[in-house]
Amino acid sequence: KIINSGSFKNTNKLILKKNNIKRKVGCLVIPEGIFEECYKLFMFSISCAKIMPDINFIWRLHPSLDFKSVMKKMGDNIKIPENIIFSKNKNIENDIKLSRFALYRGSSSIATAFMSGLYPIYLRQKSELEIDPLYYIKFCNFKADTPAKFKNLLINFLNKKKTIHKKFKKRAWNNSEKCYRNLSEKVVINSLKIN
């Protein structure tokens with residue numbers, strides 16, 4: 001049985017931010033702090049970057065990893081397209097400001113990105129159990145398993161009217177309580193009580 005006791009990342013500390021899209025449209029790539037997950041997302045985003053040169057892909061690492069060690073494991077023969085950016089920002093909010101989309105798998109940071117109005121796109125792998133942290137938010141259940149599908153999703157989003165984008169951001173914010181709620185010690189204590 002899984003019990004949601006809340007989080008220190010409550011919604012009172014999060015602010016819906018306007019995205020900076022004066023230049024290229026950005027896609028924030030946020031893997032978990034596991035090399036295998038970095039490899040999956042980074043290799044997929046390299047393929048996407050090649051067919052979408054007008055999109056900046058911002059690679060953001062978990063604090064437990066660094067780009068030097070990750071890139072060394074990925075191999076020297078991997079060519080990084082010019083529209084891939086290695087994030088140096090300490091706070092994810094700075095990367096969110098440069099993005100309109102977020103490519104993810106199991107990272108909990110997707111909740112912050114989603115609540116800030118980014119369109120979340122889950123990288124689906126065939127014959128694999130999904131690890132989507134946003135599985136319960138049905139209205140934004142966007143998934144891609146090929147670069148072509150990912151591109152189609154982005155084109156579809158970018159062609160939407162401004163009013164649709166505003167409604168999405170408002171709906172994402174209204175669903176923020178499903179992502180984060182205040183930490184409750186009572187929930188933990190009550191769950192430990194013997195009936």
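Strand 5 (residues 119–123) is mostly covered in this predicted model, with five of its five residues buried, where buried denotes under 20% relative accessible area, exposed over 50% and partly exposed the range in between, computed with a 1.4 Å probe on protein chains only. Helices (H or I, at least four residues) and strands (E, at least two) are DSSP runs, numbered from the N terminus. Tyr119, Ile121 and Leu123 point one way from strand 5, while Pro120 and Tyr122 point the other way, and all are buried. Residues are numbered from 1 along each chain as its sequence is written. Because the model is predicted, local features need pLDDT of at least 70 and side-chain atom pairs count only at pLDDT 80 or more, whereas totals for chains, interfaces and linings use all residues, and side-chain values use heavy atoms, with hydrogens and water left out.

Strand 5 has parallel partners in strand 4 (residues 101–104), to which four bridges join it, and in strand 6 (residues 143–144), to which two bridges join it; two strands pair if DSSP finds at least two bridges between them. Strand 4, helix 4 (residues 109–115) and strand 5 make a right-handed β-α-β unit, the crossover being right-handed if, with the strands pointing away from the viewer, the path from the first strand over the helix to the second runs clockwise.

The open sheet comprises six strands in the order 3-2-1-4-5-6, with parallel pairing. Strand 3 (84–86) and strand 6 stand at the edges with a single partner strand each, so one side of each is left without a neighbour in the sheet. Helix 1 (residues 35–51) lies across strand 1 (25–30), strand 2 (55–59), strand 3, strand 4 and strand 5, and runs at about 165° to strand 2; axes are lines fitted to C-alpha atoms, for helices over the stretch in contact (heavy atoms within 4.5 Å), and angles run from 0 to 180 degrees between N-to-C directions.

In the loop between strand 5 and strand 6 lies serine 127, which has a positive phi of about 55° although it is not a glycine. Most residues other than glycine have a negative phi. At 84% relative accessibility, serine 127 counts as exposed.

Overall, the protein has eight helices and six strands, and 42% of its 195 residues count as buried.
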